[in-house]
Amino acid sequence: MFEKLSKKNIIILLVILAALPLAVYLVRQTVKFIPRAVPGAVEIFFIPDTASLPPDTTFALDIDAKSNLVGFVRMELDFDNSKINLVSEIQTTDKLKTVIRKTSMSEANSTGHIVVVLGLSPEDKANPPTGVFEFMRMTFGKVAGSGSTNITVNDSGVQIVD
């Protein structure tokens, strides 16, 4: 079988066989692009921090990014949908214009769970939000029952990228 191969073909075959392990190694290497999580203590807070319903009340969820330049935010909130419900769709900031995901009012009211994911628009990359800015607004109304309830930020569902 090898008698019919020319020296040129044998050399090409040897080069391919020698390069094969290198090619497999290079293909298996992952490109590691890990955006930096926002360093330091970023603060998330509601304005107002408490309210009595009725009447319907609008809550702003603000972020204090300190000196960080925010490019992406993922926020998860939970509330007791047997006591309060959204009365309108969630309004998001104009500082992060790319809406990746935003829970609808009907889905939030049926589950008691809100997920909002926003990214920096390419045309705004030279001017990302920093310091204190409003991330979103939600208007809640009372459904039934008495007693207090909370709107809570789910810490494991929060991502803020610098």
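Arg 74 and Glu 76 form a salt bridge, with their closest N and O atoms 2.5 Å apart. A salt bridge here is a side-chain nitrogen of Lys or Arg within 4 Å of a carboxyl oxygen of Asp or Glu. The model is predicted: local features need pLDDT of at least 70, side-chain atom pairs count only at pLDDT 80 or more, and totals for chains, interfaces and linings use all residues. Residues are numbered from 1 along each chain as its sequence is written, and side-chain values use heavy atoms, with hydrogens and water left out.

Arg 74 is partly exposed, at 22% relative accessibility. Glu 76 is buried, at 12%. Buried means under 20% relative accessible area, exposed over 50%, and partly exposed in between (1.4 Å probe, protein chains only).

The whole structure holds five salt bridges. One of them joins the side chains of Lys 66 and Glu 43, at 2.9 Å from N to O. Lys 66 sits in the loop between β2 (57–64) and β3 (72–79), and Glu 43 in strand β1 (residues 43–47), so this pair ties together parts 23 residues apart in sequence. Strands (E, at least two residues) and helices (H or I, at least four) are DSSP runs, numbered from the N terminus. Lys 66 is partly exposed, at 36%. Glu 43 is also partly exposed, at 41%.

Lys 97 pairs with Asp 124, the closest N and O atoms being 3.3 Å apart. Lys 97 lies in the loop between β5 (91–92) and β6 (98–102), and Asp 124 in the loop between β7 (113–119) and β8 (132–142), so the bridge links parts 27 residues apart in sequence. Lys 97 is partly exposed, at 44%, whereas Asp 124 is buried, at 16%. Salt bridges with shared partners join Glu 43, Asp 64 and Lys 66 into one network.

A nonpolar surface patch consists of Ile 10, Leu 13, Leu 14 and Leu 17. Together they have about 350 Å² of accessible area, computed by the Shrake-Rupley method with a 1.4 Å probe, where only the protein chains shown count as cover for residues. Patch residues have over 30% relative accessible area and no salt bridge; like charges are joined within 9 Å, and nonpolar side chains (Val, Leu, Ile, Met, Phe, Trp, Tyr) within 5 Å. Ile 10 belongs to helix α1 (residues 7–28). Ile 10 is partly exposed, at 31%.
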